Structures are given as C-alpha cells and as structure tokens.
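Have the model open as you read.

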Amino acid sequence: QVPTITPAIEQVVLRALAKDPKDRFANVREFAEALAAAVEQSKPRPVPRKTKEQWVSEGIAFYKAGKYKAAIEAYDNAIRIDPDYAVAYNNRGNTYNDLKDYEKGKEDCSRAIELNPEMALAYHNRGRAYYYLDEDKKAIEDYSRAIKLDSMLVIAYGGRGAAYYVLKDYQRAIQDFDYALKLDPSLTWFKSQREDAYRKLGRKL
C-alpha cells in the first residue's frame, strides 16, 4: 500500500495496471469513473460538532455510569466551546470531588460561582470539597449559602449537618439531619449520623 493514497484509490490504480489486460478497465471512461468514485469515497467525513449543552449531557451520562474520567473530558469540551459556561465547571468540579481531587473540585466550583453566584449546587459542591479538605467552617458557609438559594436542596442540609458533627456542634447537626430526613426519609446515611449525634449528646431518638 502506498501511504499517500487511500486503499480505495490504490485498488483502482492497481486494477488499471493489472498484468492481464482482461483484469483492467474496459476503457478510459470506466477508469475515470472508478477513480472519481474512489476519490469521493476517500474524502474525510466531517465530524458533527456538538454543542456545549450536548457535551454536558454526555458528561452527565458518563458520570451516572461511574465513568468519571470520560465525564471530565466531556465537560472539558464544553468549556473549550464556552470558557464561561458555569454548568460545565460545576459538573466537572463535582466529578473531581468524586475522584477525591478536592482542590480541583474546589477550584472548578469557585469558577462556577464566579460566573453564576445564584447556582446553589455549585455552593454545595464547593462545600463538599471544603468538608473533605477539613475546612469545615468554610463548608458550613457554602452549604448555608446553597440552602438560602434553594431551601429544598436536601444534600446541602446533610452536608452541613456532617460539618457541624465534625465540629462537635451536635445539636445543629441533628437539626440539619432532621430536616434532610423530613425532605427525603430514604437517606439512611443521615439517619446513622443523626443517631451518632444523639449518642454524643447522651440522648436517644
């Protein structure tokens, strides 16, 4: 195979040069038509461009499937299209958190907040990064901001409760866990930590 031409064109040329005349094209016109078809077939097909929203949707699908690195690549592509796309930064930050790269998670969520100060989830996700970086007071500030922006954001109550628990403010932790469980009773992890908080206070549910 000649590296500068495609296999389709090479096959046409090899047929035209066949040793046995019976294997060649019947005439020049037939050769020209075959060559033109091979050239057309060999043209690179344009790859459909995705929008930033499509890249984010793809990232979310990868994230839900547990394919975090692929999700980050998808969010990277969304950000390349629009460097000021807050949703992509927030989602990428959340994914970095799941990969335990909390510094990058914090950085991305901070950028999302800078671009959209009303994004409750970005505050929650940055609060989560702060929590795992042992910056519990900053975590509480972010969780509180998230709750102020979205009073139904269950995970923010649970996250703030966990941060209060670490700071040994068990009463406030219990209040947050209670409210989170009121909104979503299926959150068994919050139930367990709430029980621990009651035990720390020498009380029972």
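## Salt bridges

Arg172 pairs with Asp169 in a salt bridge, their closest N and O atoms lying 3.7 Å apart; the term asks for a side-chain nitrogen of Lys or Arg within 4 Å of a carboxyl oxygen of Asp or Glu. This is a predicted model, in which local features need pLDDT of at least 70, side-chain atom pairs count only at pLDDT 80 or more, and totals for chains, interfaces and linings use all residues. Side-chain values use heavy atoms, leaving out hydrogens and water, and residues are numbered from 1 along each chain as its sequence is written.

The count comes to 18 salt bridges. One of them joins Arg15 to Glu30, with 3.3 Å between the closest N and O atoms. Arg15 sits in helix α1 (residues 7-16) and Glu30 in helix α2 (residues 28-42), so this pair ties together parts 15 residues apart in sequence. Helices here are DSSP runs (H or I, at least four residues), numbered from the N terminus. Asp76, Arg92 and Asp108 are linked in a salt-bridge network.

## Helix α11

Helix α11 (residues 188-200) has 13 residues and reaches 19 Å from first to last C-alpha, close to the 18 Å expected at 1.5 Å a residue, taken as 1.5 Å times one less than the number of residues.

Phe190, Gln193, Arg194, Ala197 and Tyr198 of α11 are buried (under 20% relative accessible area; exposed is over 50%, partly exposed in between, with a 1.4 Å probe and protein chains only). On the other side of α11, Thr188, Trp189 and Arg199 are exposed.

Technical notes. Helices (H or I, at least four residues) and strands (E, at least two) are DSSP runs, numbered from the N terminus.
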